[in-house]
Amino acid sequence: MLKRIVVIQQRMYVSTRDEQLVLENRQTGEIITVPIEDIGYLELESTQCTISTAALSRLARECVAVTVCNEQFIPTALCLPLEGNTLHAERLRVQMHCSLPSQKRIWQAVVRQKIQNQGAVLRAFGHSSAALDRYAEQVYTADRTNREAAAAKVYWQTMLKPYGVGRDPEGEYPNNILNYGYAVLRSTVARSLVRAGLHPSLGIHHSNRYNAYALADDMMEPYRPFVDAHVLRYCAAQPELFMLKPEHKRHILGLLVLDVYHRGIRRPLSNSAEVLCAQLVQALAGDVGALDLPQFHA
């Protein structure tokens, strides 16, 4: 079932009652209820929102990704359950004992698919993908020649040329809009990893000791081009869009229901991430061929 996206943009008190998430507007007294089992992503956008620990606990039990935003409406924190699968301990052992060759082959597959998806985005925007098609064929085990970086240079020079900027997380528009899309994607992939019984901090490539979502950062890579296409199409249609506002976020959150293809089968992106993370368990156990990575179709 496709889970619901709930964004709280007003001064609300959030609690739980009878398996429902209860949203009480402190200004108008209006009360809205949502079945917790239907929610996949909850974003607390208003800094005047208050949520009870009982609600957080119940949301964690249903493996809901709860994201907290700052005054600029940018996600700054992610709340996930410590355990989201009945086979959690068993799968953690698989994850921890994954062989180095398996990790390298998984990363090779992830990078190759990311570059192929970037090439598909270039074609969808009317550009040549010849260079990226060539780089995708040159991705070796563990991407030891760093074709990912070479492809990214060509890709972003083309995609961001109309804006006169390069891709920089701290850079000017539309980097800020892309950052929000990636934050939503990261939350979704992290949630899917937990539901699969994996720990999002134990990465196969990203390994910064201070990164609590290293595996999420690994597995979101082939989905990034979906965010790029979704965000940059929106930016092109909204020339006045420079600062991220609530009305813009509603559209960008639609990336969670974008069509994603797996060997001809179409799924919403949020469901696709769950399928991929379940397959990752088999890949970590040595069956790298079990990974059916997402494909971008224009």
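Reading a sheet, a cavity and a salt bridge

Q: In what order do the four strands of the open sheet stand, and what is the pairing?
A: Two strands pair if DSSP finds at least two bridges between them. Here four strands form an open sheet in the order E4-E3-E2-E6, with mixed pairing. The edge strands, each pairing on one side only, are E4 (31-35) and E6 (50-51). Strands (E, at least two residues) and helices (H or I, at least four) are DSSP runs, numbered from the N terminus. The model is predicted: local features need pLDDT of at least 70, side-chain atom pairs count only at pLDDT 80 or more, and totals for chains, interfaces and linings use all residues. Residues are numbered from 1 along each chain as its sequence is written, and side-chain values use heavy atoms, with hydrogens and water left out.

Q: How many bridges join E3 to E4?
A: Five bridges join E3 (residues 20-25) to E4, and the two run antiparallel. Val22 stands opposite Thr33 in E4.

Q: Which strands does H1 lie across?
A: Contact means heavy atoms within 4.5 Å. Axes are lines fitted to C-alpha atoms, for helices over the stretch in contact, and angles run from 0 to 180 degrees between N-to-C directions. H1 lies across E2 (12-17), E3 and E6, at about 60° to E2.

Q: Where does Glu62 lie, and what does Glu62 touch?
A: Glu62 is in the loop between H1 (53-61) and strand E7 (65-69). Leaving out residues up to four places away in sequence, Glu62 touches Ile36, Glu37 and Arg195.

Q: How many cavities are there, and what lines the largest cavity?
A: On a 1 Å grid over the protein atoms alone, a cavity is a set of points where a 1.4 Å probe fits but cannot get out; lining residues have an atom within 4 Å of a point. Grid points are joined across faces, edges and corners, and a volume is the space filled by probe spheres set on the points. The count is one cavity of 30 Å³ or more. The largest cavity holds about 140 Å³ of space. Of its 13 lining residues, Lys3, Gly40, Arg191, Leu256 and Ser270 are the closest to its centre. H10 gives the most to this lining, with three residues.

Q: How many salt bridges does a search of the whole structure find?
A: Side chains of opposite charge can pair when their charged atoms come close. A salt bridge is a side-chain nitrogen of Lys or Arg within 4 Å of a carboxyl oxygen of Asp or Glu. The search finds 13. In one of them, Arg186 meets Asp217 (2.8 Å, N to O). Arg186 in H6 and Asp217 in H7 (residues 214-219) are 31 residues apart.

Key. On a 1 Å grid over the protein atoms alone, a cavity is a set of points where a 1.4 Å probe fits but cannot get out, and a pocket is an open set with protein on both sides within 12 Å along at least five of seven lines; lining residues have an atom within 4 Å of a point.
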